[in-house]
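I am opening my notebook for another look at a protein model. Come along, and keep the picture beside you while you read.

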Amino acid sequence: MRYADVLMMYAECLNELGSTQQAYTFIQRVRDRSKLPDLATVKPNMTQAQMRDQIAHERFLEFACEGRRYHDLRRWGDAMEAYNRPISGCNVKARSNERQKFYTTTILNDKLTRRSFSYKHYFYPIPKSVLDKNKNLVQNPEWR
C-alpha cells in the first residue's frame, strides 16, 4: 500500500462523512508530488457529489496500471456499468505492412474478450463449511 492510497482513502472518507472541505487537503498532498495546481483554487466549493467524482478521477490517474480500479469500481457500485460493455483497443491482428491499421481503434467483442459483471459479484460467496457451522448465516445474494 502506498502513502498516496492512504491519503486518497482518507479524503474519500472525509467526503462521505460530509467534511468535503477537509478532503481538499489530502487530495492536494498527492497532487503536490506531480506539481499539479491547487485543487481548492481550480475547483473551489465542490459539493459532496462533485468531490466524489473528483476523487474517482484522481484515483484513476494516480493508480493507473496498479490493479486498484476493479476494487474501486466495486466499492462505488459502478462495476456493472464499467464491465458490461465491449472492450476497445488496438488492432493487434494488423500486419507489419499495415501499420496504420494497428492504431485504428477496434471493438473486441468475441467470445474470449467478452466480460460480464452481475450483481452477485459485488459480494463473495460464503463457503459451505462456514454455513454448515452456523445455521443462522444466509448465503449472499445470487450465490445459491
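This is a predicted model: local features need pLDDT of at least 70, side-chain atom pairs count only at pLDDT 80 or more; totals for chains, interfaces and linings use all residues.

**Entry 1**

I began with asparagine 45, which counts as exposed because its relative accessibility is 61%. Residues are numbered from 1 along each chain as its sequence is written, and side-chain values use heavy atoms, with hydrogens and water left out.

I found asparagine 45 in the loop between H3 and H4. Helices here are DSSP runs of H or I with at least four residues, numbered from the N terminus. What is the phi of asparagine 45 near? It is near 55 degrees, a positive value in a residue other than glycine. Most residues other than glycine have a negative phi.

Next I looked up lysine 35, in the loop between H2 and H3. Lysine 35 also has a positive phi, about 60 degrees, although it is not a glycine. Its relative accessible area is 73%, so I wrote it down as exposed.

**Entry 2: lysine 43**

I went back to the loop between helix H3 (39–42) and H4, where lysine 43 is found. Lysine 43 is partly exposed, at 38% relative accessible area. Which residues does lysine 43 touch, not counting those up to four places away in sequence? I found Tyr24 and Gln54; contact means heavy atoms within 4.5 Å. Lysine 43 and glutamine 54 are 11 residues apart in sequence, and their C-alpha atoms are 9.6 Å apart in space.

**Entry 3: helices side by side**

I then checked how H1 and H4 pack: the angle is about 170 degrees, and the axes are 10 Å apart. Axes are lines fitted to C-alpha atoms, for helices over the stretch in contact, and angles run from 0 to 180 degrees between N-to-C directions. H1 and H4 are therefore roughly antiparallel to each other, a label for angles over 145 degrees. The residues of the contact of H1 with H4 divide into 6 nonpolar, 2 polar and 7 charged.

For H4 (residues 48–62) and H5 (residues 69–76), the axes come within 10 Å and cross at roughly 165 degrees. H4 and H5 are therefore roughly antiparallel too. The contact is made by Ala56, Arg59 and Phe60 of H4 with Arg69, Asp72, Arg75 and Trp76 of H5.

**Entry 4: the cores**

Last, I looked for nonpolar cores, which are sets of buried Ala, Val, Leu, Ile, Met, Phe, Trp, Tyr and Cys residues joined through side-chain atoms within 4.5 Å. Which members of the largest core touch the most other members? Of its 15 residues, they are Ala11, Ile27 and Met51. Helix H1 (3–16), helix H2 (20–33) and H4 each supply at least two residues of this core. Apart from it lies another core, of 6 residues, including Ala79, Ala82, Tyr83 and Tyr122.

I gave methionine 51 a note of its own. Leaving aside neighbours within four places in sequence, methionine 51 is in contact with Asn15, Thr20, Ala23, Tyr24, Ile27 and Met46.

Technical notes. Angles under 35 degrees count as roughly parallel, over 145 as roughly antiparallel, 65 to 115 as roughly perpendicular and the rest as oblique. Buried means under 20% relative accessible area, exposed over 50%, partly exposed in between (1.4 Å probe, protein chains only). Ala, Val, Leu, Ile, Met, Phe, Trp, Tyr, Cys and Pro count as nonpolar, Asp, Glu, Lys and Arg as charged, and the others, Gly among them, as polar.
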